[in-house]
Amino acid sequence: MCAGTSRVKRVLPAVVTGAGAPPAAETLATGDEFVAIGDVTERIWLVARRVAIADCHARVELGRLLDRARAWLAHGQWESWVVDELPFSLRTARSYIELQQWADANADAFALAAELGPTKVYALAKLPRVALGKVLRSKRLVVPGTSTSKTLPMMTAREVWALVNGLLG
């Protein structure tokens, strides 16, 4: 649970399953009609983490498929195929391939970083291995340009990019 949320007096109605509920909805109630905001906060973090991990893995799989297609197509055909046949830009396709190659070469780091979401992973992938390891092992990091320290999950993508750019000089 996030610090400071256990004493919050405000409560929210429980999310229930059943008629009218989204198919994947699960109850947050623990037998009571209401749930503390801290419980909702914790549940949001869990779901957001699951979404971030799935998003990162999907992008890696797209990169793998795009790289395979590039190998199959004749020289010079891949770019026009991406532009004409796929729902994203050539730049995005290249980003997926770069992410896939980085994830394959840095499987342990990718496993740790994936829960941060793709934008933060793209930033962290720019770091050399030693610096990346230090950042991923850090409990808290100082947000560049401030005296505030945060965990990586609490940092915004902009803050992570600033951290990476600062480390790269």
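Thr-156 sits in the loop that runs between strand β4 (149-150) and helix α7 (157-168), in a model that is predicted. Because its relative accessible area is 38%, Thr-156 counts as partly exposed. Along the sequence Thr-156 and Val-143 are 13 residues apart, and in space their C-alpha atoms are separated by 9.6 Å.

Helix α1 (residues 37-72) and helix α2 (residues 77-85) pack at an angle of about 130°, and their axes lie 9 Å apart. That angle makes α1 oblique to α2, and the crossing of the two helices is right-handed. On the α1 side the contact is made by Leu-66, Ala-69 and Arg-70, which meet Trp-78, Trp-81 and Val-82 of α2. Sorted by class, the residues of this contact comprise five nonpolar, no polar and one charged.

Helix α2 also packs against helix α3 (residues 90-105), at an angle of about 115° and with the axes 9 Å apart. Because of that angle, α2 is roughly perpendicular to α3. The crossing in which α2 passes α3 is right-handed. Here Trp-78, Glu-79 and Val-82 in α2 meet Leu-90, Ala-93, Arg-94 and Ile-97 in α3, and this contact divides into five nonpolar, no polar and two charged residues.

Charged side chains bring us to the salt bridges, of which the count comes to seven. One of them joins Arg-49 to Glu-115, whose closest N and O atoms are 2.9 Å apart. This pair links distant parts of the chain, since Arg-49 belongs to helix α1 while Glu-115 lies in the loop between α4 (107-113) and α5 (118-124), 66 residues apart. Arg-49 is partly exposed, because its relative accessible area is 42%, and Glu-115, at 29% relative accessibility, is partly exposed too.

Lys-150 counts as partly exposed because its relative accessibility is 22%, whereas Glu-159, with a relative accessible area of 17%, is buried, the cut-off for buried being under 20%.

Note on methods: Residues are numbered from 1 along each chain as its sequence is written. This is a predicted model: local features need pLDDT of at least 70, side-chain atom pairs count only at pLDDT 80 or more; totals for chains, interfaces and linings use all residues. Side-chain values use heavy atoms; hydrogens and water are left out. Helices (H or I, at least four residues) and strands (E, at least two) are DSSP runs, numbered from the N terminus. Buried means under 20% relative accessible area, exposed over 50%, partly exposed in between (1.4 Å probe, protein chains only). Axes are lines fitted to C-alpha atoms, for helices over the stretch in contact, and angles run from 0 to 180 degrees between N-to-C directions. Angles under 35 degrees count as roughly parallel, over 145 as roughly antiparallel, 65 to 115 as roughly perpendicular and the rest as oblique. A crossing is left-handed if the near helix is turned anticlockwise from the far one by less than a right angle, and right-handed if clockwise. Contact means heavy atoms within 4.5 Å. Ala, Val, Leu, Ile, Met, Phe, Trp, Tyr, Cys and Pro count as nonpolar, Asp, Glu, Lys and Arg as charged, and the others, Gly among them, as polar. A salt bridge is a side-chain nitrogen of Lys or Arg within 4 Å of a carboxyl oxygen of Asp or Glu.
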